[in-house]
Each structure stands twice: as C-alpha cells, then as structure tokens.
Amino acid sequence: ANDMMNVGRLQKFSGKITAQGKLLLHGNLFCLESFNAERNTSSMQKPKELQVFLFEQNIIFSDIVGKKTQFTNPTYIYKSHIQVRCH
C-alpha cells in the first residue's frame with residue numbers, strides 16, 4: 001500500500017499508471033543529465049537524484065520535489081520513461 005501511495009504522488013505522467021503493470025521496485029537513482037562528446041563535461045557534472053519506478057511495462061524517471069518530513073512527503077514530476085519488453 002505504501003508503494004502505491006508513492007506512485008500516487010507522480011505528476012504529469014500522460015499515460016495510465018494502472019496500465020503499466022505491477023510495480024516491481026522503486027527508489028532513488030543518481031543520474032547525469034547529458035554527455036557532450038566533444039568535451040568530457042559529464043565528469044564535471046554533479047549527479048542529479050531522480051525517483052525511479054520499475055513497472056512490468058515501463059521504467060519511469062521523475063524529479064523529486066520537496067523532502068520527506070514528519071508531516072509531508074515529496075512529490076514526483078514525470079521526466080521520462082523507458083518501455084520494458086519481456087520475452
């Protein structure tokens with residue numbers, strides 16, 4: 001139930017969240033925004049913390065807005081996704 005409460009705080013995802021299949025895993029992931037092939041700028045970038053939701057159909061990446069406190073929880077703003085195909 002707590003896992004689905006986290007998913008419920010995901011905003012701006014245009015798809016139907018219930019159509020993504022079972023939520024398998026979720027958590028924080030540190031990522032680099034982009035890589036410039038001409039100069040190795042990725043080594044100078046500070047990793048950005050994203051919230052990731054792994055469903056049976058998709059991996060959803062989202063920005064974390066706010067912090068968890070005694071009275072509040074962060075919200076997650078959809079950033080991107082990768083479709084998962086199982087054979």
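## Strands and sheet

Two strands count as paired if DSSP finds at least two bridges between them. In this predicted model, five strands form an open sheet with mixed pairing. Their order across the sheet is β1-β5-β4-β3-β2. β1 (10-11) and β2 (23-31) are the edge strands. Each has a single partner strand, so one side of each lacks a neighbour in the sheet.

One pairing can be followed in detail. β2 runs antiparallel to β3 (residues 48-55), and eight bridges link the two strands. Within this pairing, Phe-30 has Glu-49 of β3 as its bridge partner.

## Chain layout

The protein chain holds one helix and five strands. Read from the N terminus, the elements go α-β-β-β-β-β. Take the contacts with a separation of 6 or more: 45% of them join residues 24 or more positions apart.

## Core

In soluble globular proteins, nonpolar side chains tend to be buried together. Here the largest nonpolar core has eight residues. They are Val-7, Leu-10, Phe-13, Leu-23, Phe-53, Phe-55, Ile-60 and Tyr-76.

Neighbours within four places in sequence aside, Val-7 contacts Ile-17, Leu-23, Phe-53 and Phe-55. Among these, Leu-23, Phe-53 and Phe-55 also belong to the largest nonpolar core.

## Burial and surface

The protein chain has 87 residues, and 25% of them count as buried.

Conventions:
Residues numbered from 1 in each chain as written. Predicted model: local features only at pLDDT ≥ 70, side-chain atom pairs only at ≥ 80, totals over all residues. Heavy atoms only, no water. Core = buried A, V, L, I, M, F, W, Y, C linked by side-chain atoms within 4.5 Å. Buried < 20%, exposed > 50% of the residue type's maximum accessible area, 1.4 Å probe, protein only. Contact = heavy atoms within 4.5 Å. Helix = DSSP H or I, 4+ residues; strand = E, 2+ residues; numbered from the N terminus.
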